[in-house]
Amino acid sequence: VQEFEDFELTIDYNVAANCNSGIYLRGMYEVQVVDRDSRMQGINGPGAVFGRIKPTENAANPPGEWNTYVLTLVNRHITVNLNGKTVIYNQPLEGCTGGGMLADDTKPGPIFLQGDHTSVKYRNISLRPVVK
């Protein structure tokens, strides 16, 4: 029920082979949650902002192993760190991604953990505001 604007989210995820989920920042920007060997790669693969920003590398662990994201969102710019590697650095986000629940990217929003259509586990969730 809470909404967030600028923040750093640290979260672990674990997915089985060929599973697909996501983490929605501000309820509108989906960061992909898929295994390293998924058929979904590149702009839809591990570390990607779904359908928008391709990561510089596939830094995900094999299926069934835990992965750690550090997702920093400030002024509609995102930095994605996956398993200790920065795979997207300070890239602008333009409009909500597919599946986004909200569309006004000028406002704060909630964080949604997708898990309705595949098996996914989340743990060690930490959220801290980023003060400008």
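Start by selecting β2 and β7: these two strands run antiparallel and are joined by 2 bridges. Strands here are DSSP runs of E with at least two residues, numbered from the N terminus, and two strands pair if DSSP finds at least two bridges between them. Click on Y24 and you'll find its bridge partner in β7, F112. Before you go on, know that this is a predicted model, where local features need pLDDT of at least 70, side-chain atom pairs count only at pLDDT 80 or more, and totals for chains, interfaces and linings use all residues. Residues are numbered from 1 along each chain as its sequence is written, and side-chain values use heavy atoms, with hydrogens and water left out.

Now zoom in on the hairpin of β2 and β3, with 3 residues between the strands, where R26 takes a positive phi near 55 degrees.

Show the three strands together and you have an open sheet in the order β3-β2-β7, with antiparallel pairing. Why is one side of β3 and of β7 left without a neighbour in the sheet? Both β3 and β7 (112-113) stand at the edges, each with a single partner strand.

Now select β3 alone, residues 29-34. Is this strand mostly covered or mostly open? Mostly covered: 6 of its 6 residues are buried, meaning under 20% relative accessible area with a 1.4 Å probe, counting protein chains only. In a regular strand, side chains alternate between the two faces of the sheet. On β3 both faces are covered, with Y29, V31 and V33 buried on one side and E30, Q32 and V34 buried on the other.

Time to zoom out and show everything. How many helices and strands does the protein have? There are 0 helices (those would be DSSP runs of H or I, at least four residues) and 8 strands. The C-alpha atoms fill a box of roughly 35 × 30 × 25 Å along the principal axes. Of the 132 residues, 41% count as buried.

Methods
Buried < 20%, exposed > 50% of the residue type's maximum accessible area, 1.4 Å probe, protein only.
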